[in-house]
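Me: I am new to this structure and would like to learn how its features get their labels. Could we go through them together?

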Amino acid sequence: MKTDESLKSSWAKYNDRLDRMESFNREMLIRIISKQKSGVLTDMKRRSLFGLLLSPIIFSVVILPFAIQGGFTIIQIVGIILSGLLLAYYAWHSFRYLRLLNSLNLENDSLLENKKKIISIKKFVNQFHKNRILSVPLLMLGVLLVIEYIFPLNTLIYVLISVTSIVALYFWGRHKATLLFTNRINEVEEGLNEINQIID
């Protein structure tokens, strides 16, 4: 009888140890996945911060010096205002994007909360890229108006530069968005799905 009780007690302790080991392994695996995906998220935040700083740098280092050199004609003033407004829009977008990324907390928030936040981020970025059909040509128009004294508006080279720049910027932006946003946010989401499977 005592042997049976001893065996039952040993099995209970063994099962308890196995449960604790399984729980520990599960927790460690969740931490590892969270840390990896947090690294991806941190890189996205850094790039967003760079985008936020890039707009004022472009305006002060590129746009204004050309305008000063050209003597601030009416065409250039229109170009400065237009390019300034568009660069301010890009800076505002980067700021909003950075805030949305900062709201993601993979380690402490629930999976459902993080999924909702990722959906919000995707919607925000997709809307921005839809708006690029209008914002990229307007930005290029502003820049080209600023440098109008180099390439006059009525020349063929102005038209060629305009069209080429708009097409190149638009497709470069789409490619960059795939590499630096879509692939990475999907990677973060896959990490959340892995964590969900481990918990289940």
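Me: Where is Ile-57 found?

Reply: Ile-57 is found in helix α1, residues 2-70. Helices here are DSSP runs of H or I with at least four residues, numbered from the N terminus. A word on the source: this is a predicted model, in which local features need pLDDT of at least 70 and side-chain atom pairs count only at pLDDT 80 or more, while totals for chains, interfaces and linings use all residues. Residues are numbered from 1 along each chain as its sequence is written, and side-chain values use heavy atoms, with hydrogens and water left out.

Me: Why is Ile-57 called partly exposed?

Reply: Buried means under 20% relative accessible area, exposed means over 50%, and partly exposed is in between (1.4 Å probe, protein chains only). Ile-57 has 44% relative accessibility, so it counts as partly exposed.

Me: Which residues form a nonpolar patch with Ile-57 on the surface?

Reply: Among them are Leu-53, Leu-54, Phe-66 and Tyr-149, and the patch has about 910 Å² of accessible area together. Patch residues have over 30% relative accessible area and no salt bridge; nonpolar side chains (Val, Leu, Ile, Met, Phe, Trp, Tyr) are joined within 5 Å, like charges within 9 Å. Accessible areas come from the Shrake-Rupley method with a 1.4 Å probe, and for residues only the protein chains shown count as cover.

Me: What makes Asp-43 and Arg-184 a salt bridge?

Reply: A salt bridge needs a side-chain nitrogen of Lys or Arg within 4 Å of a carboxyl oxygen of Asp or Glu. Arg-184 and Asp-43 meet at 1.9 Å, N to O, in a salt bridge. This pair links distant parts of the chain, with Arg-184 in helix α4 (residues 156-199) and Asp-43 in helix α1, 141 residues apart. Asp-43 also forms a salt bridge with Arg-47, at 3.3 Å between the closest N and O atoms.

Me: Is Glu-189 buried or exposed?

Reply: With 16% relative accessibility, Glu-189 counts as buried. Its side chain meets that of Lys-122 in a salt bridge of 2.7 Å, N to O.

Terms used. Helices (H or I, at least four residues) and strands (E, at least two) are DSSP runs, numbered from the N terminus.
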